[in-house]
Amino acid sequence: MANIKEFLTVMGLAVVAYLSPLYEMFVALMLFVAADMVTGVLASKRRRIPRSSRRLRRSVAKLVNYILAMTLAYTAEHAFDVEWFVAHRAIGAFICAVEMLSILENMAVSTGHPVFLAIVKWFRGKVSEKDDVIKEIINEKNDLAIGDSAGDDVARLRGKKPRDGFGGDAAE
């Protein structure tokens, strides 16, 4: 038993030492995912969409997948001795950019502030009205089909008529 514990300890320390150059990037990813989760919870609260363990699990799974992608890229760089391109940094930068857009979308949904809406419109390359962008973001984040409104699935489960996603009841 002592040999197994010692072996696992040594292997764990070896993995930590090997991945130690990625420490700062892992912390940055965790901060971006945490900020996205917090702003997402605030946006859901503002739109009266109930929190669910499914949404929180998605954030955890997303973080695990991000860390795995960076770790695999870092390992491949070392295995193939590629020094001219640091894929793990490119992947990390791309992931942070995607998370930043998600944070801005959550802020646009929760506040409706024109600055956030303008930034999101610019990123998306779309010219549309304020309500259209917010509805589009809400539907994307809730994996709803086109034409469904945020909260419709919850309302259906509770036996109530669906809301329009903006505090009112949907037209019959």
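Modeller: Residues are numbered from 1 along each chain as its sequence is written, and side-chain values use heavy atoms, without hydrogens and water. In this predicted model, local features need pLDDT of at least 70 and side-chain atom pairs pLDDT 80 or more, while totals for chains, interfaces and linings use all residues.

Colleague: Why is helix 2 called roughly antiparallel to helix 3?

Modeller: Helix 2 (residues 23–46) and helix 3 (residues 53–79) pack at about 160°, and their axes are 10 Å apart. Angles under 35 degrees count as roughly parallel, over 145 as roughly antiparallel, 65 to 115 as roughly perpendicular and the rest as oblique. The two helices are therefore roughly antiparallel. Their crossing is right-handed.

Colleague: Which residues make the contact between helix 2 and helix 3?

Modeller: Contact means heavy atoms within 4.5 Å. Among the residues concerned are Met25, Phe26 and Leu29 of helix 2, and Arg55, Leu56 and Ser59 of helix 3. By class, this contact has 11 nonpolar, 3 polar and 3 charged residues.

Colleague: What makes helix 4 and helix 5 oblique to each other?

Modeller: The axes of helix 4 (residues 87–111) and helix 5 (residues 114–124) cross at roughly 140° and come within 8 Å. That angle belongs to the remaining ranges of the scale, so the pair is oblique. The crossing of helix 4 and helix 5 is left-handed. By class, the contact has 9 nonpolar, 1 polar and 2 charged residues.

Colleague: Why is the pair of Trp122 and Phe123 called edge-to-face?

Modeller: Rings of Phe, Tyr and Trp (its six-membered ring) pair if their centres lie within 6.5 Å; planes under 30 degrees apart count as stacked, over 60 as edge-to-face and the rest as tilted. The ring centres of Trp122 and Phe123 are 5.2 Å apart and their planes stand at 70°, so the pair is edge-to-face. By this rule, the count is 2 aromatic pairs.

Colleague: How do you know that Thr39 is buried?

Modeller: Buried means under 20% relative accessible area, exposed over 50%, and partly exposed in between (1.4 Å probe, protein chains only). Thr39 has a value of 13%, so Thr39 is buried. This residue is found in helix 2. Leaving aside neighbours within four places in sequence, Thr39 is in contact with Ile103, Asn106 and Met107.

Colleague: What makes Trp122 exposed, and why does Phe123 count as partly exposed?

Modeller: Trp122 has a relative accessible area of 67%, so Trp122 is exposed. Phe123 has 45% relative accessibility and therefore counts as partly exposed.

How values were computed:
Axes are lines fitted to C-alpha atoms, for helices over the stretch in contact, and angles run from 0 to 180 degrees between N-to-C directions. Helices (H or I, at least four residues) and strands (E, at least two) are DSSP runs, numbered from the N terminus. A crossing is left-handed if the near helix is turned anticlockwise from the far one by less than a right angle, and right-handed if clockwise. Ala, Val, Leu, Ile, Met, Phe, Trp, Tyr, Cys and Pro count as nonpolar, Asp, Glu, Lys and Arg as charged, and the others, Gly among them, as polar.
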